Amino acid sequence: MLFRSGLFTSEVGLWRTQRKMMAPLFHPAPIQQYAETMRIVAERAADAMRDGQSIDIAHETTRIAMSVVGKALFDVDTFDEAASLGGALTTALGWVNRNLGSPAIVAHVLALDATDALAQRAPAPLRGLLERAHRAVEAPFMIPGVRDPELLGAIDLVNARIQRMIDERRRQGLTRKDLLTLLLTAKDPEGLAEHMSDKQVRDEAVTLFVAGHETTATALAWSFYLLARNPEALARARAEADAFGDGPITAWDASKLEYCTRVFREAMRLYPPLMMLPRRTLEPFEVAVYKLPAKSLVFLSIYAQHYREDSFEFAERFDPDRWLPENEAQRHRSSYIPFSAGPRFCIGMHFAMLEGPIVLATLLRRWRFELDPARVIEPDDFATLRPRGGVPAVVRARWAPSARG
């Protein structure tokens, strides 16, 4: 109901077509144009903070990430507009999270598999009927709360807002430079589809908005928490941010944000925003001593992978220097998979890896964040690995009004 047929949930032919249409928009070079947006949004958040103010860092990083993706995707300039969309999506994600372990969802998946399998083997006269039955059970009608007014209202709000934005861009002649316009004008490189339908653009826009703020915000919140508990790492990250002087912090020169990038990567190792990934085998497959038939549903634990001692010595320890090139070269490339791996790796990886260090350095340069050293924050089992109870902190000025230091 939420993602429908976006890149995160679509399969096989549709996924392949959509990925090819969207991939050029997310290569490193075009993504660099959003560095200034990321800096401006982070500076605006820093400007609003006050010495002695009590904040939840996780709330602040969510507001920042929502605003960044709101501007990049929809050309929305205000926190409020992005936040209203984000609030509706959080409501829908909460419903998803509550039902992930529900027996109803198992029954739903079994019903989908059964109608699909029957359609594959049925004689031609019955095949069309079974294919229609399969499409009919795609909607999650068995799952508790599926008709909850709050859930339906949230999804209606998302659909209406995005359709309004699509209509606006069509009236304006598709001249804007945001990602929504680029999705509307994207073409299939193989010529199988001229353009995406409005429905498909909606599905991709929702997927990008959720992935573009929820995961990055969570990784940033954990980054600040880990730095607060590791003074030496905090001093190194702050020194890197201070090296920009009064100039803008961007990632045009990646070497200037080298350590902040390593901090962000290590936070995603210890607290991967997505703990698990579902995959379906397309053909019979053998792994270790297990033989999996075609169409097996497999869950890959990113969290467990990131704590393997044979890949990460003292895996429980926060150590950004794991990501020095000489150390990284000694590990298998799939030992670290916060963005997944293979053909379905996250299309927004370059966007996130640009945004995280810029926001981190921008806020560190402006403020100190005091956390209770005795408080251990545990991960929460939301749709992403959020810090349970947020990351409470007190904002402190780094220098007197008359002098920096």
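Which side chain does a polar contact of 3.3 Å join to that of R280? The partner is D113. This briefing concerns a predicted model, in which the protein chain has a mean pLDDT of 89 and 95% of its residues reach 70 or more.

**Confidence**

- The pLDDT falls below 50 over residues 401-405, and this stretch has six contacts in the model beyond near neighbours in sequence.
- Where pLDDT is low, the predicted coordinates should not be read in detail.

**The largest nonpolar core**

- The largest nonpolar core is made up of 104 residues, and F74, L227 and F369 have the most contacts inside it.
- Helix 10, which covers residues 198-228, supplies the largest share of this core, with 14 residues.
- Beyond residues up to four places away in sequence, F369 touches M49, I55, I57, F224, L363, A393, V394 and V395.

**Helix 10**

- The end C-alpha atoms of helix 10 are 45 Å apart, which agrees with the 45 Å that its 31 residues should span at 1.5 Å a residue.
- Helix 10 is mostly covered, since 26 of its 31 residues are buried.
- T218 lies in helix 10 and is itself buried, with a relative accessible area of 4%.
- Leaving aside neighbours within four places in sequence, T218 is in contact with T384, L385, R386 and P387.

**Helix 6**

- Helix 6 runs over residues 103-121; from its first C-alpha to its last, its 19 residues reach 27 Å, close to the 27 Å expected at 1.5 Å a residue.
- The buried residues of helix 6 are A104, H108, A111, L112, T115 and A119.
- Seen down the axis of helix 6, these buried residues fall within an arc of 95°, so they line one face of the helix.
- An α-helix has 3.6 residues a turn, so residues three or four places apart point the same way.
- On the other side of helix 6, the exposed residues are P103, L110, Q120 and R121.
- Helix 7 (124-136) is included in what covers the buried residues of helix 6.
- The N-terminal end of helix 6 is capped by S102, which has a side-chain oxygen 3.0 Å from the backbone nitrogen of A104.

- R280 is found in strand 2, which covers residues 276-280.
- The relative accessible area of R280 is 28%, so this residue is partly exposed.
- Apart from neighbours within four places in sequence, R280 is in contact with E11, D113, K295 and S296.
- D113 and R280 are linked through their side chains by the 3.3 Å polar contact.
- A polar atom of the R280 side chain also lies 3.2 Å from the backbone oxygen of K295.
- R280 and R63 are 217 residues apart in sequence, and their C-alpha atoms are 34 Å apart in space.

- F299 is found in strand 5 (residues 297-301) and counts as exposed, at 51% relative accessibility.
- Not counting residues up to four places away in sequence, F299 touches M276, L277 and P278.
- The C-alpha atoms of F299 and R279 are separated by 6.2 Å, although these residues are 20 residues apart along the chain.
- R265 lies in helix 12, which covers residues 258-270.
- At 17% relative accessibility, R265 counts as buried, because the cut-off for a buried residue is under 20%.
- R265 touches W323, E328, Y336 and M353, not counting residues up to four places away in sequence.

**Loop positions with positive phi**

- Most residues other than glycine have a negative phi.
- D75 is a residue other than glycine with a positive phi, near 60°.
- The place of D75 is in the loop between helix 4 (57-74) and helix 5 (79-99), and D75 is partly exposed, with a relative accessible area of 27%.
- L174 likewise is not a glycine and has a positive phi of about 55°.
- The loop between helix 8 (149-171) and helix 9 (179-185) holds L174, which is partly exposed at a relative accessible area of 27%.

Terms used. Residues numbered from 1 in each chain as written. Predicted model: local features only at pLDDT ≥ 70, side-chain atom pairs only at ≥ 80, totals over all residues. Heavy atoms only, no water. Core = buried A, V, L, I, M, F, W, Y, C linked by side-chain atoms within 4.5 Å. Buried < 20%, exposed > 50% of the residue type's maximum accessible area, 1.4 Å probe, protein only. Helix = DSSP H or I, 4+ residues; strand = E, 2+ residues; numbered from the N terminus. Contact = heavy atoms within 4.5 Å. Expected span 1.5 Å × (residues − 1). Arc of directions from axis to C-beta. Polar contact = N/O pair within 3.5 Å; in protein donor to acceptor, adjacent residues only side chain to side chain. pLDDT = per-residue confidence, 0-100.
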